[in-house]
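Here are my notes for you, as numbered points. Keep the model open beside them and find each residue as you read.

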Amino acid sequence: MTTTPTLTDAAATRVAAIAAKQAKPAILRLSVEGGGCSGFQYRFGLADTVEDDDSVSEHDGVKLVVDSVSLDLIAGSTVDFVESLGGAAFRVENPQAAAGCGCGSSFGI
C-alpha cells in the first residue's frame, strides 16, 4: 500500500493559519517514530521544503509531506484537526493501526 495520507478541510485550514502566523510555507510534515505507549508515535511539524523522497498530497494549497520510511506505516491515513473542550490537536485516522492510545498520538500495527 502506497497511498499518500491526505488532509481534511479543518487540518488544511489550521496548517495554513499556523504557517501564515510563522511566515513559513504551508507544508505540514508528518512522520512516524518509535515510542509512545503503543509502539509508534506521530510527529508533526512545519517544513520549509519538500525532500526528494517525500510523498506529497495537497489540499487547498496546503501540502502534506511524508518521508518514504514513515509512509509504509501511515499509507491511506487522513489527518484531521479536532477542537474540543479537552483541547485542540491534529489527529491521524490510520487504517493500518491495530491498536492506539487514549491520547491519539501513538499506535501499534
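1. Let's start with the rings. This predicted model holds two aromatic pairs; rings of Phe, Tyr and Trp (its six-membered ring) pair if their centres lie within 6.5 Å, and planes under 30 degrees apart count as stacked, over 60 as edge-to-face and the rest as tilted. Phe-44, Phe-81 and Phe-90 make up one aromatic cluster. Have a look at Phe-81 too: it stands opposite Phe-90 in strand E7.

2. A word on what you are looking at. The model is predicted, with local features needing pLDDT of at least 70 and side-chain atom pairs counting only at pLDDT 80 or more, while totals for chains, interfaces and linings use all residues. Residues are numbered from 1 along each chain as its sequence is written, and side-chain values use heavy atoms, with hydrogens and water left out.

3. Now the overall layout. The protein has two helices and nine strands; helices (H or I, at least four residues) and strands (E, at least two) are DSSP runs, numbered from the N terminus. Along the sequence they follow the pattern β-α-β-β-β-β-α-β-β-β-β.

4. Which strands form the open sheet, and in what order? Three of them do, in the order E1-E6-E7, with mixed pairing; two strands pair if DSSP finds at least two bridges between them. Strand E1 (6–7) and strand E7 (87–93) are the edges, each pairing on one side only. Helix H1 (residues 9–21) packs on this sheet and touches E1, E6 and E7. The direction of H1 makes about 80 degrees with that of E6 (axes are lines fitted to C-alpha atoms, for helices over the stretch in contact, and angles run from 0 to 180 degrees between N-to-C directions).

5. E1 and E6 run parallel, joined by two bridges, whereas strand E6 (residues 78–84) and E7 pair in the antiparallel sense over seven bridges. A hairpin of two residues links E6 to E7. Follow Val-79 here: it is the bridge partner of Leu-7, and it also stands opposite Val-92 in E7.

6. Leu-7 and Val-79 turn up again in the core. The largest nonpolar core has 18 residues, and those with the most contacts inside it are Leu-7, Leu-30 and Val-79. Such a core is a set of buried Ala, Val, Leu, Ile, Met, Phe, Trp, Tyr and Cys residues joined through side-chain atoms within 4.5 Å. Buried means under 20% relative accessible area, exposed over 50%, and partly exposed in between (1.4 Å probe, protein chains only). Of the 109 residues of the protein, 37% count as buried.

7. What does Leu-7 contact, leaving aside its neighbours within four places in sequence? Its partners are Ala-12, Leu-28, His-59, Val-62, Leu-64 and Val-79, where contact means heavy atoms within 4.5 Å.

8. Not counting residues up to four places away in sequence, Thr-8 touches His-59, Thr-78, Val-79, Asp-80 and Phe-81.

9. Is Glu-83 buried or exposed? This residue of strand E6 is exposed, because its relative accessible area is 64%. The C-alpha atoms of Glu-83 and Ala-10 are separated by 9.7 Å, although the two sit 73 residues apart along the chain.
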